[in-house]
Amino acid sequence: MSRDAVHCGLMAVLGGSLFGYVLIGISSAAFDLWRCYYGLAAKTEHNQWLIGVLFAIINVGGLPYGLLAGPVMNHFGRKRTITYGGMVICTGSLGSALAAHYYVQCLARILTGVGMGMISSVVPVYMAEMSPDHLRGTFQACFQVAVTFNILLGNVAGYYILGNHRDLLPVDFCPLFTTAAIAFKNILLLLPGIIMSAVLVLIGSTTLPESKAWHPKAKTVDWHPDSPDDPPKEFTPLCVQEGDPPALESSCGSLLLAPQALVTAFLAAVAQQGTGINAVMFYTPKLLALAGLRLTMLGSVCIMLWNFVVTLASMAIVDKVGRRTLMLPTLFMMALALISMDGIYRAIDQGLLSSFWCFLPLFVFVSGFAIGPGTLFGVILNEIFPAPLLPFGAPLVGTSCGIMALLVTAIFPPLEQAMGIAVFYIFGIITMALWLFFFLCLHETKGLTKQE
């Protein structure tokens, strides 16, 4: 394996690890710890909004950066952007570990979100520019495998950090511990993220090579990574009909010249974040508790383990099976799971089914997401944009992901309180609409070169 491929794999692992652990993995344990730490244990409508905002606000930090990511990457290069992103995450995570007040935690989460926006924008671009054509899908899948493994790691860490009383409701859990004990548990939970970001800074500032697609003097993107020549003035992107190839510059405005690619990328972002994955990942213990299960944290760990296993399987097949071939059946699986969830919970509530049946739609949904939109989003995003537009298109679409993640995470608790499990019908309808679009409009990109 070439040196460039090794560094692509390293960035996939480190970038995905930070994304998985810091953004999602800590959520199950933090849900209880922060309720205790900031006096939100009582299940009131006001507290539900506050805890929802606390988890969603990390996306606020990354949203403005997404609009600046292209110029930043083109000015500083991929290597320095990765290094700076790691520094910001390390600082934000340290602040989050030590925050003794609710609003300080909010500020720390926003800062962490800025760093996550930097890393989630630049790492996929770096991999797309440095990876061999026949391994593009594998490296993007490797990123998602690292995400799911660290979601699992965060849940396992939380399982042990919360201790023997982990399955109690916050109103019963919180009085069992002093404020100092909760603060110490919070530090332990955040520590792995601090260490990961420090390692990313160390590698980014030392051994990581700069992307061959970036010219430090011209501060632009080269069409052929191995060529010293200037980018070609005209080429045909995947999204444009033959005979209509406009001249594309490496700028945000040029995205309007590739409208089909832009629309497809945005809807791929909806498939990743607008179909309810954050509602499932962040609130799995609560969903299991609603079905009457007692060992909710253990059940959550089992679901995260399954998420990792199926994502690992996706890495093995993503470059062997077409993107369209994977996307359509997995979206159908997700829609079926979401639409059936309310009926299954009603049957459980009426005693017609055992509580363990609640795992069925969750496992089916997670399987479809992990093999489909979860893995394929990054693959499709970095294949349908022409090379000069990639540093601008990928972060902009990533920003839309952040907006949807913010909305879903913030509004799910009050929606669930008002609608119950029927809230998943909304996600099911969205997923079916996406299936129809991709059935009609998604073209196969497997095996095509970057130029093609």
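These notebook entries record what I looked up in this structure, which is a predicted model.

The largest share, 3 residues, comes from helix 16. I then picked out Leu407, which lies in helix 16, and read for Leu407 a relative accessible area of 47%. Because buried means under 20% and exposed means over 50%, Leu407 is partly exposed at that value.

**Entry on two helices**

Next I turned to helix 14 (residues 359-371) and helix 15 (residues 373-384), whose axes come within 3 Å and cross at roughly 15 degrees. Since angles under 35 degrees count as roughly parallel, I wrote down helix 14 as roughly parallel to helix 15. I also looked up which residues meet between them: Gly368, Phe369, Ala370 and Ile371 in helix 14 meet Pro373, Gly374, Thr375 and Leu376 in helix 15.

**Entry on Gly77**

I looked up Gly77 in helix 4 (residues 58-98) and found a relative accessibility of 0%, so Gly77 counts as buried. Not counting residues up to four places away in sequence, Gly77 touches Val72, Glu210 and Trp214. For Trp214 I also checked the distance, and Gly77 and Trp214, although 137 residues apart in sequence, are 6.5 Å apart in space, C-alpha to C-alpha.

**Entry on Met127**

Is Met127 buried or exposed? I placed Met127 in helix 5 (residues 102-130), and with a relative accessible area of 1% Met127 is buried. Leaving aside neighbours within four places in sequence, I listed the contacts of Met127 as Cys8, Ala12, Phe139, Gln140 and Phe143. Of these I followed up Phe139, and noted that Met127 and Phe139 are 12 residues apart in sequence and 7.1 Å apart in space, C-alpha to C-alpha.

**Entry on Asp342**

I ended with Asp342, which is found in helix 13 (residues 323-349), and asked why Asp342 counts as buried. The relative accessibility of Asp342 is 9%, and because buried means under 20%, Asp342 counts as buried. What is Asp342 in contact with, once neighbours within four places in sequence are left aside? I noted Ile421, Ala422 and Tyr425.

Terms used. Residues numbered from 1 in each chain as written. Predicted model: local features only at pLDDT ≥ 70, side-chain atom pairs only at ≥ 80, totals over all residues. Heavy atoms only, no water. Helix = DSSP H or I, 4+ residues; strand = E, 2+ residues; numbered from the N terminus. Buried < 20%, exposed > 50% of the residue type's maximum accessible area, 1.4 Å probe, protein only. Axes fitted to C-alpha atoms, helices over the stretch in contact; angles between N-to-C directions. Parallel < 35°, antiparallel > 145°, perpendicular 65-115°, else oblique. Contact = heavy atoms within 4.5 Å.
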